[in-house]
Every structure is written in C-alpha cells, then in structure tokens.
Amino acid sequence: MANVIEDVTCAGCCCVCDNIQITTDGTQILNVQTTCSQGRSWFEQFGQTDPLLPLIDGRTVSHSDAVQQAVDLIHLSKAPLIWGMSQSSTDSNRAAVALADQIGATIDTAASSNVRALQQVGEASCTLGEVRSRADLIIYWGADALLTNHCHRETLLAGHEEFPRTIVSMGTKTPESSEDVDKSIQVEAQNTFEVIWYLRGLLKGIDFHEGESAGAYISDLKELVSLIQQSKYIVFFFGPEFKQGHLSHRDIEALSILVREIQADRRCHTISVPPASDTKGVEHVLAWQTGYAANVNFAAGYPRYFPIEFSASQLIQRGEIDLCVLVGAQPLSGLSKEAQKYLTEVPTILVGPAKVDDLDLNVYIPTGVYGIHFPGSIYRIDGTPLPLRGLVSTNLLSEADVLTDITSFLKQTPV
C-alpha cells in the first residue's frame, strides 16, 4: 500500500531541504517530488545499497568476518586516520569520534581551513530564514553550485517580494544562471586576498586608480562597495572555489575581518558553503565532543589540535599514517589529489553506503543510508540541525552501528 510522507529531509547536499514529498510502499520509494535533480539522485541510493556485500581484498565475506578483519588491521596500526563522514548523520559522527578516541587515531574533516580561520578571527553567521527575510544584498563568492541550485533559489524567493534584493556573483567564471544575478565580478582565485584588501580600503574611503591591479576591475569593486553602503543587510556565501589553496584560511580570515568592518554601521554575515555533494555536521560534532572542530589527534590519550601537523591531507602525503578508516557516502571528498594518490599505499577500511571504485580497499563494510533507511539528524548549511527519517527498510546496518561494533570489539580484545 502506497504511503505519502510529507516534509521529508533530503541529505543530498548542504541545503538539506526539509519540504520533500515521498511516496513509499515500505520496501521501496515509488516517487520523489522535488525540483532538484541532485535530491532525486540521493533518494535513489536506497536501491544501490541492498546488493552490496562486505568485502576483504575484493572477496565477498560475512559481516562478522569483515568486522574482524577491520579490528585486526586496527590492532596492527600505530598511526590510524579517520576521514570522511560526508552526508553522515550526527550519530555516525559521534561513533567515529568514539572510535578515534578508542584507537588513538587522528580524525579530520574537509572543513579544516574554515575552522582554522574562524578560530583566529571568529564568525558572524545567520540562518537561511534571516537571509530570506532580511538580506537585501547577497554575495556568492566561489559558490556557483549553490547559486544555481533551484531549491536554494526557491527558498530565497519566499518573502523576496517584500523588498528589493541584489544578487552578486564573484569568482573565476560567470554563473550558468546569469539571469538571476544582478552583477557578476570576475576574481581569480589566487587574488582573493588582495581583492578583499582593496574592498576594505574602498570602504574606508581610499581612492584606487583603475590601473592598479587587484585581480579584478577596480570599477567593479567600487560598484560593489557602493552596493554594500546602500544595503542594510549583507550576506556572503563563500564556497569551495573561495577556499582553494594551502593559504585559504588566510582568505577566510580576511573575509571575516571585512565583514566585521562592514558591521560597524550595518548588518553583515557569512555562511560557508561546502562542495556541492557534501553536507556540514561533523565539525559541529567534533567541536562539542572534543573542543576542536578539525585536526584532532587522540594518540596521547586525550584530544589535541594542530592545524598543520594533524591535517589529513598532510599526514597522508608525508607518509605519517599506517591505516585509514573512511566513513560515509563521499569518503574522499576534501582530500587533495596528492593525498588520494598516496592513500593507495596504506591499508584502507571503508564503512559507508557506496564503494569507491578507484580505491583498492582492504575491508569494505556496506551500510544503509541515513534519511532513507535510518532516522537521525544532520546540519544544514547555516548550522541548523534537522531531523532525518527512515523511509524504507534494509538488511544493512547503519554507519553508527558498524563503527560501534568495531569499537565494542576492540574493547573486548585489547592489544
């Protein structure tokens, strides 16, 4: 019998829309009512998990054998790393932190550069409700995927009719949906820091000549400053393109300083945007579990934080890990290409709903999908936690259950 479920939360991307209508018969999803192709693709994952079987070096094994092999590899490890947790629920993130604590591992997230910057200068953020209801100037800097997201645009349009709003796109290329953008400013990624400093100078009344290079046209920056000075509520969405490079934390620091100066006479906030298929959350869980939101190491028996020493990509590239435990549906997201290359040289365990074809896994333990097979909670782009529902049944365990099994087995069989 078909059952229609209203207001379902989608964990397909960082927008985490919670107004999806799903039709299900209890064993499969019959229909998904959403305007987002990415959301539809995410809900289709339910049909991709049941055929998956546990693997050891490519051989099909039982779940218990896979867990035992994972435990054996952990016992042999002296410097393990836990990474991933994209599109994972809060329960999964907590279980990953507990495992890291148990085995003395380093645990890191793709939000490392953002966390490092905001620890230095702080963050002024807001909810999407405030953006929708109050923001009269929205600036997307290196966040084209969010700007072109249909569901995100629909969210902002609700309440838009009450006041005029200006949309500005900044980045290396013109956005695909240019009809929704009032102004587009070309900024090369390597010049982000310089452009922010020019904006700070212009806001303070310093006059720059058009010939002076800022990685962007001075006339465009002057027009943007004029828009800022005419607005009452400004919001910067800064995305993956903005956060590129090993000094990206300095760009984020500079943007936070710019926002703080704008706040002297008007409201201004920032919202960090992860890659298109990623969600937020693990950094929040790490913060309230350990006191640190990224780059956490438990080798000393307690959590320690060092932004460079315990960066996952840096650890892998320096050959300072001897085991990697990957968790979630997008386990390699956020790792540098060099790190992904070196990752093939160490034993690897994957716990998640999708196998990584480009990686020779020593152990693969498949799981169901949060928000499709299991209930839970997940964080929206603005840091708001939202509930996930279990819509259809599965024979697979959740990520949290598998990680908890490994942790419990390790406690019973100490080295």
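In the predicted model, nine strands form an open sheet with mixed pairing, in the order β5-β4-β17-β16-β15-β6-β7-β13-β14.

The domain assignment of the protein gives domain 1 (51-108 + 295-368 + 395-412) and domain 2 (114-272). The C-alpha centres of domain 1 and domain 2 are 36 Å apart. The largest nonpolar core comprises 79 residues, and those with the most contacts inside it are Phe 43, Ile 82, Ile 107, Phe 237 and Ile 406. Because domain 1 and domain 2 both give residues to this core, it lies between them. A second, separate core contains 34 residues, including Leu 137, Phe 208, Leu 227 and Ala 254. In soluble globular proteins, nonpolar side chains tend to be buried together.

The surroundings of Ile 82 were examined with neighbours within four places in sequence left aside. Under this condition, Ile 82 is in contact with Ala 96, Leu 99, Ala 100, Ile 103, Ala 105, Thr 106, Ile 107, Asp 108, Val 325 and Val 327. Ile 107, one of these partners, is itself listed with Ile 82 among the residues that have the most contacts inside the largest core.

Ile 139 is found in strand β8 (residues 137-141) and is buried, with a relative accessible area of 0%. Not counting residues up to four places away in sequence, Ile 139 touches Val 168, Met 170, Leu 224, Ile 234, Val 235, Phe 236 and Phe 237. Ile 139 and Gly 301 are separated by 162 residues in sequence and by 44 Å in space, C-alpha to C-alpha.

A search of the whole structure identified nine aromatic pairs. Tyr 198 and Phe 208 form a tilted pair, with 4.5 Å centre to centre and 50° between the planes. Tyr 198 lies in helix α9 (residues 192-203) and Phe 208 in the loop between α9 and α10 (218-230), so the pair ties together parts that are 10 residues apart in sequence. Both residues fall under the 20% limit for burial: Tyr 198 is buried at a relative accessible area of 12%, and Phe 208 counts as buried at 15% relative accessibility. Elsewhere, ring pairs link Trp 141, Phe 238 and Phe 242 into a cluster. A further arrangement involving an aromatic ring is that of Arg 200, which lies over the face of Trp 197 at 4.5 Å from the ring centre.

Backbone geometry was also considered. Most residues other than glycine have a negative phi. Asp 7, found in strand β1 (residues 3-8), has a positive phi, near 55°. Gln 87 likewise has a positive phi, of about 60°, although it is not a glycine. Gln 87 lies in the loop between β6 (80-86) and α4 (90-103) and counts as buried, at 7% relative accessibility.

Conventions
Residues numbered from 1 in each chain as written. Predicted model: local features only at pLDDT ≥ 70, side-chain atom pairs only at ≥ 80, totals over all residues. Heavy atoms only, no water. Phe/Tyr/Trp six-rings, centres within 6.5 Å; stacked < 30°, edge-to-face > 60°. Helix = DSSP H or I, 4+ residues; strand = E, 2+ residues; numbered from the N terminus. Buried < 20%, exposed > 50% of the residue type's maximum accessible area, 1.4 Å probe, protein only. Lys NZ or Arg CZ within 6 Å of the ring centre and 35° of its normal. Core = buried A, V, L, I, M, F, W, Y, C linked by side-chain atoms within 4.5 Å. Domains from an automatic or database assignment. Contact = heavy atoms within 4.5 Å. Pairing = 2+ DSSP bridges.
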